[in-house]
Amino acid sequence: MSQEIWVSPAAVQLQEQGPDYLDIVDDQPWSAQSGFHRGFSSSFRIRPDRKLWFHFPFQLPTQVTVHRALLLWEAEGDAAINWVCVHHGGMQRQHLFEPGTALSGTPVPFDPPEQWRHFYPASHRLLSDLPIAPAIDSRFGVQLCVLAQGPGVVRFYGAGLRILAP
């Protein structure tokens, strides 16, 4: 049976952080340290000529097969996601598409309720559904790793894995 496991955008871990890599996002001066985490998204303004790894950790039971990765995201300005891979078993890495190629996805529109609209930035969310081939038989931790480059904003709305349970 196939299942999806998702983590919220607040789970994302930055490999590098601070004002050498990040700039102010959504008019919040403190966001230049580690981004802006809201209940519905995590936003990061990447400085020009910088690349930044984002890591989404997953807790999985052992003996499941991981066969797809999912990312709900958007980019503004000249920011782009141009490398996605999964790490598993400690040191093993699988690329999910050709590094250096801009990630694409299917639009997932969202129109917040009128009463809450002023809390939400404009949204142009995309869902990327990436095959993992060959599939991973889990025994150790799995994380989705996303490389983005600036300048501009990347927003994450969540990350997921599609698994086959025995």
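**The salt-bridge network and its neighbours**

D26, R38, E74, E76 and R155 are linked in a network of salt bridges. A salt bridge here is a side-chain nitrogen of Lys or Arg within 4 Å of a carboxyl oxygen of Asp or Glu. This is a predicted model: local features need pLDDT of at least 70, side-chain atom pairs count only at pLDDT 80 or more, and totals for chains, interfaces and linings use all residues. Residues are numbered from 1 along each chain as its sequence is written, and side-chain values use heavy atoms, with hydrogens and water left out.

R38 pairs with D26, the closest N and O atoms being 2.8 Å apart. This pair links distant parts of the chain, 12 residues apart. R38 sits in the loop between β4 (36-37) and β5, and D26 in the loop between β3 and α1 (31-34). Helices (H or I, at least four residues) and strands (E, at least two) are DSSP runs, numbered from the N terminus. R38 is buried, with a relative accessible area of 17%. D26 is partly exposed, at 21%. Buried means under 20% relative accessible area, exposed over 50%, and partly exposed in between (1.4 Å probe, protein chains only).

Next, D23 and R47. Their closest N and O atoms are 3.7 Å apart, and the two form a salt bridge. Again the pair links distant parts of the chain: D23 is in strand β3 (residues 22-23), R47 in the loop between β5 (42-46) and β6 (51-58), 24 residues apart. D23 is partly exposed, with 27% relative accessibility. R47 is also partly exposed, with a relative accessible area of 27%.

Then R117 and E114. Their side chains meet in a salt bridge at 2.6 Å, N to O. R117 is partly exposed, with a relative accessible area of 31%. E114 counts as exposed, at 60%.

Now the setting. By the rule above, the count comes to 10 salt bridges. The protein has 12 positive and 15 negative charges, and their mean positions are 4 Å apart. Lys and Arg count as positive and Asp and Glu as negative; His and the chain ends are not counted. The place of a charge is NZ of Lys, CZ of Arg, CG of Asp or CD of Glu. The secondary structure comes to one helix and 13 strands. Buried residues make up 44% of the 166 residues.
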